[in-house]
Amino acid sequence: MSRPSAPPPGPFRLASGGRLIDRAYSTGFRFNRRHLRGFKGDTLASALLGSGVALVGRSFKYHRPRGILASGVEEPNALLGLGQGGRFEPNQRATTTALMPGMVTESQNAWPSLDSDVGAINAPLWRFFPAGFYYKTFIHPRAAWLNVFEPVIRRAAGLGRAPKQADPDRYEQAYGFAETVVVGGGIAGLSAARDAAREGGRVLVLEQTPHWGGRTPVDHAGGEARVGALLDELRGMENVTLRRNTQATGLYDHGYLLARESLADHDPKADLPRQRLWRIRAGRVIVATGAHERPIAFAGNDVPGVMLASAVRDYIVNWAVAPGRRIAVVTSNDDAYRTALAALDAGLEVAAVIDARPVADGRLPQAVRARGVEVLTGTGIAGVRGGKLISGVDLCAQDGAGKVTGRLDCDCVAMSGGWSPVVHLWSHCGGRLLWDEPGGFFRPEPSRPPTGPDGAPNVAVVGAADGDLAVAALTGAEVEAPSAQVWLMPAQATRKARFKMWLDYQNDVKVSDVVVAAQEGFVSVEHAKRYTTLGMATDQGKTSNVNGLAVLSEALAQPVAATGTTTFRPPYTPLTFGAIAAEAKGAIFQPLRRTPMHAWHEARGAAWEPVGLWRRPYTYPQGGETHTDAINREILAVRGGVGMLDASTLGKILVTGPDAGRFLDMVYTGMMSSLPVGKCRYGLMCNDNGFLIDDGVVVRLAEDQWLCHTTTGGAERIHGHMEDWLQCEWFDWKVYTANLTEQYAQIAVVGPKARDLLEALGGMDVSAEALPFMTFADGELGGHPVRLYRISFSGELSFELATPAGRGLALWEALMAAGKPFGVTPYGTEAMHVLRAEKGFIMIGDETDGTVIPQDLNLHWAISKKKADFIGKRAQERSFMASPDRWRLVGLESLDGRMLPDGVYAVAEGVNANGQRNVQGRVTSTYASPTLGRPIAMGLVAHGPERMGEILEFPVKGADSVRARIVDPVFYDKEGTRANG
Amino acid sequence: MLLLTCPHCGIAAEETEFNPGGEAHLKRHGPGASDEDFEGYLFLRHNVKGPVLERWRHSYGCGKWFLAARDSVTLQVYGTYPASLAHPSDEVGDSVRAAHPNWRTQI
């Protein structure tokens, strides 16, 4: 803000007036590199109009020149790109953007420049871009869609351009609670808030603009004072919160309301979050969102300078801006006469009021006539003269086909086709609408409101949003006659004229398009909408929906009520992803789970693998090692010496109680109740569909106590699965479960020298006799308390040591130190995967995908035949599950030494119904084995285990098929002697 | 976003605090069940327009499963009750019948 004594910015700024601007502060900004000025309190739209900028953008499809149409959120044309760099934002409405000093703005959809746009060549071709153009044109040849049509259309389509840099601003979210939330700070909303506050309970009032009062201060004498009095009263009430610059964007189930508060929009210097997204729980919502004025469909109604009548008087009264020097008003109602009066009061010329109605003798028309302005009743506009600016309009009889009867010179047309209540919030969560025939609009159906959790109505609508357009009881205005329903001007407009009558400005949908849709059989309003794209742009049809529905209804020769309306869906105005994400991005997008040894791995330069919310070391590259080199080194170290794996992330669920054994017999396919204390057993878990969902080692700690190990990603899910059955099915069984995953650190010590390492640490007898395979012992190793399991996921001699989480790092470091003479090597998850694959061990998520049963994986040995029941048993008896034709696990050996790509399919003879090759199997795991010096793979193959030695063909994209032989999935140490040490 | 009251801890909370578990009061059929019974248990759901009985878990609260009688059209919550009940409690049943006098559970 500078130069307090600057001259009035802009040639179209009026010498006096402007209730929202502060002429003491002149503000510079840029539009398409032009330096312009406005006043503090301007919107971008008022500053542009004040500077004489009528052309602000090009339309979406035909690149027609477009100017500002409205003065609020309903604006379809004046979408600008705002800001620079990471703060650049496309598609911002000039009408709702406050002017900030130094603001940089640009128009959209124009190239090379707004004034000479080459895309405008589309305009003379518009006969060739009818409704459904894309559907009809780009069908053949099929291949051309992907390679030619779609890329070209994508380049030409779209509004604005996406920012390329990260948004540097902060956003935050907040929770709000109130017994009553009033949306809309106009006279109806403020009055409703006062009434609600008197009844008691917290009252929150949300207003989308920076100003209270809505239309009342502009439209009604004494309105500003009425609003002021209401505000004084509300500010004195302790239970009332007034919040401006806050846009309610959506109303959801049970009174959940989202609202975006602008705190420092376009003002990066303010040390504030840019926006705050309110997540409000409202006992009830009072919708006082007013109404939107509708355009009239006449030829050329999109030429810059044709504006909504209410917007014209807003610019005059609120910002002292003259949208034109000689204004023609065209209307179907009395309300628009207010614009003529406002223009006259501001010293502007009113060319005439063109009134489509045969008679106009209400108080407002009389007042306009009394000021010497001609009122042309029964008259319409046949066409607008001018391209980028208006030079005049041709007149015609409204009740005719458009024969020109005269001409008016003017530089601005203020139009009003009546008003549509803003019923969005009412409709978002189920409120029904009815067509108000006398009023000519949809309004809430009072008997079909949205309801809350108790089934009682929780949304009410007041004021203009309820169809009470004049809000006469509060404003003191006289009730006006309803607007005439003028859906076409003139009523019998020619086909040619209909090609120039815009309904949806933003998506370039014209009267002719909707008529075509109706003719082609799109009689459902939802279909016609999608076929024509009416109302599907970023403004969601705020100015176009009702006009479009009415035109569709006329084309179908049915009342509008029979056509109905499309569904209103949130958000009411676009929400930026920044506000939706708020602080939940980057490092705090989701919690990161770290094992007790995380910092040690990090210090050794571990490459990380995300597993669920955990980060596990993928491998530990040394020096300039590639990951592949590092993984191979780790594998060979384990096979030849000793390695250590941080296995802390494995799920550990304690199951205890008198019925714990019985319960685990249901949960696992194998028998767990018979497991002796001190022993370990591998178990499989299925769901009741029969599919394998998890696996792991079960340990019997005591007579009534089992510890169930799950996969890393499965701990919470499996704990939930157990609780589901315990609480909902066997709720009378005495079982208690606890997820102890994070209570213990767990370290796998693996390899032929594993026992030597533990003995070097000392304290427990770890001999094969004292601690046989699949047993465990509690004790101390080197002074560290451990539970020592003799289990193996690598086929090597292997121990897993569990210790309280807080002592995990100390134990790890002690083992590393004791292992130094043995060349102990820390290894990561990838080495673990290769080690298990070399042994043919399955991995949940690789060999399983939710459609695989244990029998497919040749795991019959882990399925009890003695048990009467377990979860999944009945499903596995279904004919499809018991079929011998199921794909089953085998090893795959590539013939030419190339690795099989993961997931590739083996083809079979013949083709399926879609003409695709039949398949007979697929690869589930594939690795380069450094132990064997060749690639190995596992896969599921039809009749696989019965086809050992057969060769399968696996087509690979961009290369020759890989041929592979079906082999035993155990590639290494088939006898299984190494695990014994 | 729904508001539900956990019948175990008594807390009324937002939907994000709960996990849904599908239709309630399914009778589990295990080994020995006919194909028809098993199909009904595993795959067939009532999916009615109106009052539904459904399973929820207070996952980010007390961890307990419970059942809810809720209207799939109006979203009215008629009541919640422990998962161990074989039928909706009388109170919940009365609440449903106040809105749907002819309603019967499909258990």
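Buried here means under 20% relative accessible area, exposed means over 50%, and partly exposed lies in between (1.4 Å probe, protein chains only). Helices (H or I, at least four residues) and strands (E, at least two) are DSSP runs, numbered from the N terminus.

This is a predicted model, in which local features need pLDDT of at least 70, side-chain atom pairs count only at pLDDT 80 or more, and totals for chains, interfaces and linings use all residues. Residues are numbered from 1 along each chain as its sequence is written, chains are lettered from A and ligands numbered from 1 in the order in which they are written, and side-chain values use heavy atoms, with hydrogens and water left out.

**Helix 8 of chain A**

Helix 8 covers residues 337-345 of chain A, and eight of its nine residues are buried, so the helix is largely enclosed by the rest of the structure. The buried residues include A:Tyr337, A:Arg338 and A:Thr339.

**Chain A overall**

Chain A has 26 helices and 47 strands. Of its 981 residues, 58% are buried. Its C-alpha atoms fill a box of roughly 115 × 70 × 55 Å, taken along the principal axes. Contact means heavy atoms within 4.5 Å. Among contacts in chain A with a separation of 6 or more, 65% join residues 24 or more positions apart.

**A buried charge**

A:Glu74 lies in the loop between strand 4 (65-66) and strand 5 (79-82) of chain A. A:Glu74 is buried yet has no salt bridge. A salt bridge needs a side-chain nitrogen of Lys or Arg within 4 Å of a carboxyl oxygen of Asp or Glu. The nearest side chain of opposite charge is A:Arg215, 6.7 Å away. Lys and Arg count as positive and Asp and Glu as negative, while His and the chain ends are not counted. Leaving aside residues up to four places away in sequence, A:Glu74 touches A:His292, A:Leu308, A:Asp539, A:Lys542 and A:Thr543.

**The interface with chain B**

| Item between chain A and chain B | Value |
|---|---|
| Residues of chain A in contact with chain B | 31 residues |
| Residues of chain B in contact with chain A | 27 residues |
| Salt bridges | five salt bridges |

One salt bridge joins A:Arg874 and B:Asp35, with the closest N and O atoms 2.6 Å apart. Helix 21 (715-728) and helix 25 (873-876) of chain A each supply at least two residues of the side that touches chain B. Helix 21 gives the most, with six residues.
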